[in-house]
Amino acid sequence: MSDRATSPSTVPSRPTDADRTANRSVALVLTAAFMVLADVSIVNTAAPAIQGDLGAGLADIQLVVAGYQIGYAALLVTGGRLGDITGRRAMFSTGLLLFTLASLACGLAPSPGFLIGARIVQGLSAGLLYPQVIATIQTVLPPERRAGGFAALGAVISMGTIAGPILAGVLIALDIAGTGWRAVFLINVPIGLVVLVLAQKLVPVARNSAGGRVSVSSVALLSTLLVVLMTPLTIGRDHDWPLWAWLLLAATVPLAWGFLAQQRWIAQRGRAALLPPGLWKDRAFRLGVTLYFVFFSALYSFFLYFSYLLQYGLGESALYAGLSMVTYSIGSFITSTRSKGLIGRHGGRKVALSGALASAAGSALMIVPVILVHDWTLSLWIVPPLFVTGCGLGLVLAPLLSTVLAGIRSSEAGVASGLLSTSQQIGGAVGIAVVGLAVLAAVPGGVLESATARQLGNGFAAGLVLMVVVFLVSAALIAKLPKPAPPATAP
């Protein structure tokens, strides 16, 4: 037998018990991530049924959506840091239990006000839960396998973002046991309980041995900053940007300065800072936070305004709008699941760069059909560019996470994950606001609900131009990411 046949490098290694446990851990936290992400958009389809059953007005529905988003963004960094200090399993379980109970409360809501309050709690609990997902992948998988874990997360992000409206439409149509729209929230209860039980064995404790205690003032100051920032970005557009929205945005500058100064002061005294200043020393992480903000500002705005074009301009249902974007999700799923191999052959930076350029190309290819086609066939014309754009997303997420988190210690993986997710949420809200200005400029009176397909198409085309620019800026930032260190060679 030749040496080549028996070489250890050519014999595939069998998964160990530790590998199998790690895979189950990743699968479990990804299930929770899917629940959190799907619930961001799940109300879009259920809104008419909620209005009819509870007598909710348009302003109530806006708060049902915004309450979740604001609460979610407000606690992402705090949730990640608490996971670092108190333990990954403890914070994951706490967030999941609260999310499950809040989902039950949403499903049993007797009034619009009760539903709004329950959605805020649901968002807050999602903020505690979600950072543990990325941090768990970072903790349980060795460096050489993390790209695969992040690739799976990328597939979940793309599927979860689009699945919300589709899942809601199916559940409402089935009307299980007469629950109607309530099923879109109640379905989280049995799934959440099963995941909660399994988490006690599969999610690592991962407690920081150094311990420490985060000050209440730090949590209060950061939460206030994020609520003050996200509130006008989320609902300011729906109220025609009143004075209070601009005053809140202006207030974020001194609040941000005060919070960062407080964190430096705490760290200098050897205490546990909520946002450790040392994170900013990692150049890849600094660029990653900016990249998340920039890239997702185009991504979130696309989903929202394309849905508006189909529903308001073409008169299609929210379920139809969701199904029209399945091609995007398929493209993202395919490239996400294959990105691990691509990273191994070409490197994470090159793969992410090609993904950003593909997203730009796909968005550009949609512009002409959106301007010229004003009937239901638009959904068919943009299938190819939707697929290309989705492929781009799948090529960006996994390599970006692998590169950005490569230099982050496991003891700070939670807060790093929380900060990336916060940047993602803020970027999405800013993108929706800015692209909204371009869309509304083409609509007489700025009322989307009464706009024609031609008006919304022209406005959305202007928004697509902005998205192409944003994806190209993302590509330029990716090109500036530091190259990975070459592997050490044996003497």
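Predicted model: local features only at pLDDT ≥ 70, side-chain atom pairs only at ≥ 80, totals over all residues.

Residues are numbered from 1 along each chain as its sequence is written, and side-chain values use heavy atoms, with hydrogens and water left out.

**Exercise 1.** Find out how many helices and strands the protein chain has.

*Solution.* Start with the terms: helices (H or I, at least four residues) and strands (E, at least two) are DSSP runs, numbered from the N terminus. Counting them in the protein chain gives 20 helices and zero strands.

**Exercise 2.** Compare the radius of gyration of the protein chain with that of a compact globule.

*Solution.* Step one is the rule, 2.2 Å times the number of residues to the power 0.38, with the radius taken over C-alpha atoms. Step two: for 491 residues, the rule puts a compact globule near 23 Å, and the 22 Å of the protein chain agrees with this. Step three: along its principal axes, the C-alpha trace spans about 70 × 55 × 50 Å.

**Exercise 3.** Decide whether Asp175 and Asp240 are buried, partly exposed or exposed.

*Solution.* First, the cut-offs: buried means under 20% relative accessible area, exposed over 50%, and partly exposed in between (1.4 Å probe, protein chains only). Then go to Asp240, in the loop between helix H11 (216–235) and helix H12 (243–268). Asp240 is exposed because its relative accessible area is 66%. Finally, check the backbone: phi is positive, near 50 degrees in Asp175 and near 60 degrees in Asp240.

**Exercise 4.** Describe the largest nonpolar core and the residues with the most contacts inside it.

*Solution.* Begin with the meaning: a nonpolar core is a set of buried Ala, Val, Leu, Ile, Met, Phe, Trp, Tyr and Cys residues joined through side-chain atoms within 4.5 Å. The largest one has 123 residues, and Phe92, Tyr130 and Phe460 are among those with the most contacts inside it. Helix H13 (residues 283–313) gives the most to this core, with 19 residues. Apart from it lies another core of 21 residues, including Ile42 and Leu171. To finish, 55% of the 491 residues in the protein chain are buried.
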